[in-house]
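User: I have a model open and would like to go through its packing with you. Could we take it one residue or element at a time?

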Amino acid sequence: MQYKFTIDGRLPGLNEYIAAMNSNRHKGNEMKQQSQELIIWHLRHQLRGTCINKPINIEYCFCEPNMKRDKDNISGFSHKVIQDALVEARIIANDGWKQIIGFSDSFAVDKNNPRIEVTLTEVE
C-alpha cells in the first residue's frame with residue numbers, strides 16, 4: 001500500500017541548519033523543532049489515523065522555486081526532520097533499519113508552488 005502527503009513550501013537546507021547550530025545549538029534545535037511541527041501538521045491533516053506497521057521505502061520529490069540550492073543541501077536536513085516527524089506523529093514506530101528499507105530523491109522546479117511530495121510504500 002502507498003501513502004502520500006505534501007509539505008507546502010520548502011524546509012531549511014542543511015547549510016542553514018549547520019549555521020544555526022554553529023551560532024547557537026539552541027537555535028539549531030529550534031529550527032529542527034519548528035520544521036517537525038510543520039511536517040506533523042501536514043501529516044495530521046493528510047494521513048489522519050494512519051499507522052504503518054510494515055517496513056517502508058520513502059520517495060521524496062523536492063519541488064524548489066529555483067535551482068539555487070544544491071540538491072544535497074535540500075535533502076539532507078529534510079530527510080532527518082521528515083523521518084523524525086513520521087515517528088513523532090506515530091505514523092511509523094521508529095526510523096531505524098527495520099522500519100525504513102531505503103529512500104530515493106527526485107527534484108523539480110516549480111516557482112509558483114514549491115513543496116515536498118512524500119510517498120511511503122509498504123514493503124512485503
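User: Which residues is Gln36 in contact with, leaving aside its neighbours within four places in sequence?
Analyst: Gln36 is in contact with Val81, Asp84, Ala85 and Glu88, where contact means heavy atoms within 4.5 Å. This is a predicted model, in which local features need pLDDT of at least 70, side-chain atom pairs count only at pLDDT 80 or more, and totals for chains, interfaces and linings use all residues. Residues are numbered from 1 along each chain as its sequence is written, and side-chain values use heavy atoms, with hydrogens and water left out.

User: Where is Gln36 found, and is Gln36 buried or exposed?
Analyst: Gln36 lies in helix α2; helices (H or I, at least four residues) and strands (E, at least two) are DSSP runs, numbered from the N terminus. Gln36 counts as buried because its relative accessible area is 3%; buried means under 20%, exposed over 50%, and partly exposed in between (1.4 Å probe, protein chains only).

User: Moving on, which residues of the largest nonpolar core touch the most other members?
Analyst: They are Phe5, Leu43, Ile82, Leu86, Ile91 and Leu120, out of 29 residues in that core. Such a core is a set of buried Ala, Val, Leu, Ile, Met, Phe, Trp, Tyr and Cys residues joined through side-chain atoms within 4.5 Å.

User: Which helix or strand gives the most to this core?
Analyst: Helix α3 does, with six residues. At least two residues each come from β1 (2–8), α1 (14–23), α2 (25–46), β2 (56–64), α3 (71–88) and β4 (115–122).

User: What is Phe5 in contact with, beyond four places in sequence?
Analyst: The partners of Phe5 include Leu43, Ile82, Leu86 and Leu120, and also Gln46 and Glu117.

User: How many bridges join β2 to β3?
Analyst: Nine bridges join β2 to β3 (residues 100–109), and the two strands run parallel; strands pair if DSSP finds at least two bridges between them. Cys63 stands opposite Ala108 in β3.

User: Is Arg90 buried or exposed?
Analyst: Arg90 is exposed, because its relative accessible area is 68%.
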